[in-house]
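Hi,

Here's the model I promised to pass on.

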Amino acid sequence: MQPSRRGFLKTGALAGAVAGSNLTSAQLIAAEETKKLRLAAIGVGGSRGRYNRGGAIANEASKFATMVAVCDVDDLHTEEFNQKHGGNLNKYRDYREMLAKEKPDVVTIGTPDHWHVPIAIACLEAGADVYCEKPLTLTIDEGKQIRKVVEKTGRVFQVGTQQRSSGNLFQKAIAMVQSGYVGDNVNAYIAIGGAPGGGPFEATEAPEDLDWDLWVGPAAKADYCEERRKYFRWFFEYSGGKMTDWGAHHIDIAQWALAPGETGPTSIQGTGEFPENVPADFNWNSFFNGEASLPNGYNTAMKFNIELKFDNGSKMVVTNHYKREDENIDFPNGILFEGSKGRIFVNRGKLTGSPVDALTDEDNAKLDAKIAELRKGKKAMSHMGNFFACIEEGGQPISDVWSHHRTMTSCHLCNIALMLGRELKWDPKAERFIDDEQANGLMSRKSREGFSAETHAAS
């Protein structure tokens, strides 16, 4: 960047931009440098559908790059987003057509979960850097697949687990655990909330300006109903319930703290409660193979209590609501780390506990150095800012595909343990269940004909 350009950016124009956003001056300087990048948004939500995270991440990305196109299977969502960005974006229903015509440098993906990997693979192979909302995968094998494509293409890939960029809360909690401030033999107790029951629901006609068949995509063919579309997270056809919703956040933080690196649990067991729509003897293998279906209602676990053990002696307990009545511990959402030196509790609102209260200025300086390591050489910035910093400077983003695949593997392991109702043994190196072909059969799903990741990556 030329000195005159940098000087201009640091004048009143920059000050005004800072005042109107949550970006720092340094982030806005970097944003100016990446504005030449052509940005496209796939899956943006809107007033008709309940889920609008896709629009939020696309809006955030547009602070760093120039938005040129929007793609959504719902024309109403597409036009609403278009109008928010000046009304001159190129609009598409099919992301393959958009990739072929626009050839964007950067893509955000905010579709329902079952579309994340097929679309992400297509974007990566088209030469785009990708920011994909969590949870990245619908199955364990999808994680292996997207990992290979990221390695092959060398593109920057950031998963939207924004808690990883929270320095004063989650990063500090991880640094405290890994630096010994909670002591030895640390375990994590994770509450992620429960899921609703409901249904069967009545099928209705899909809106004329919605391509419902393309929305369903790789999942089994299904009649339209508002509940499937608005609350897709409670259908195993499209997501994994609370386990892959909030679990993708809190299990991620806990596993990062307890077992850093490319590893995972070795033992998984627990109990749970499914909605009445799921028969007690339901054959989940047939469901994954596309040979069986469930009633048109919610079918993900409503309540659960699962224990995951690691070879290093640590364990994670994942539940919808954690409570120890004898010790006055009760929380519906958050992570309790407990070790030989005490406990710390962290969620999106606070980081508390006696080890936190005992920190000195010297301790905080050591923790700051550890947090810098967790950030992989990047400065403190927003999650989207970290993504664009990696595009501009190189390096891996803070929520990379390798670590998130391991997180999602643990989330999927929890669901599979609930489905089969027994203890499972997992080999985190081979990434397979040990002597359990029934469980291994639940690592992948059969895609509807014409909608596999491979066929939809081609254009």
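The largest pocket holds about 600 Å³ of space. Of the 31 residues lining it, Pro218, Ala219, Ala220, Arg445 and Lys446 are the closest to its centre. A pocket here is an open set of points on a 1 Å grid over the protein atoms alone, where a 1.4 Å probe fits, with protein on both sides within 12 Å along at least five of seven lines; lining residues have an atom within 4 Å of a point. The volume is the space filled by probe spheres set on the points, which are joined across faces, edges and corners.

This is a predicted model, with local features needing pLDDT of at least 70 and side-chain atom pairs pLDDT 80 or more, while totals for chains, interfaces and linings use all residues. Numbering starts from 1 along each chain as its sequence is written, and side-chain values use heavy atoms, leaving out hydrogens and water.

Back to the pocket: α8 (140-153) gives the most to the lining, three residues, and α13 (284-288) and α19 (453-457) each supply at least two. Helices are DSSP runs of H or I, at least four residues, and strands runs of E, at least two, numbered from the N terminus.

Cheers
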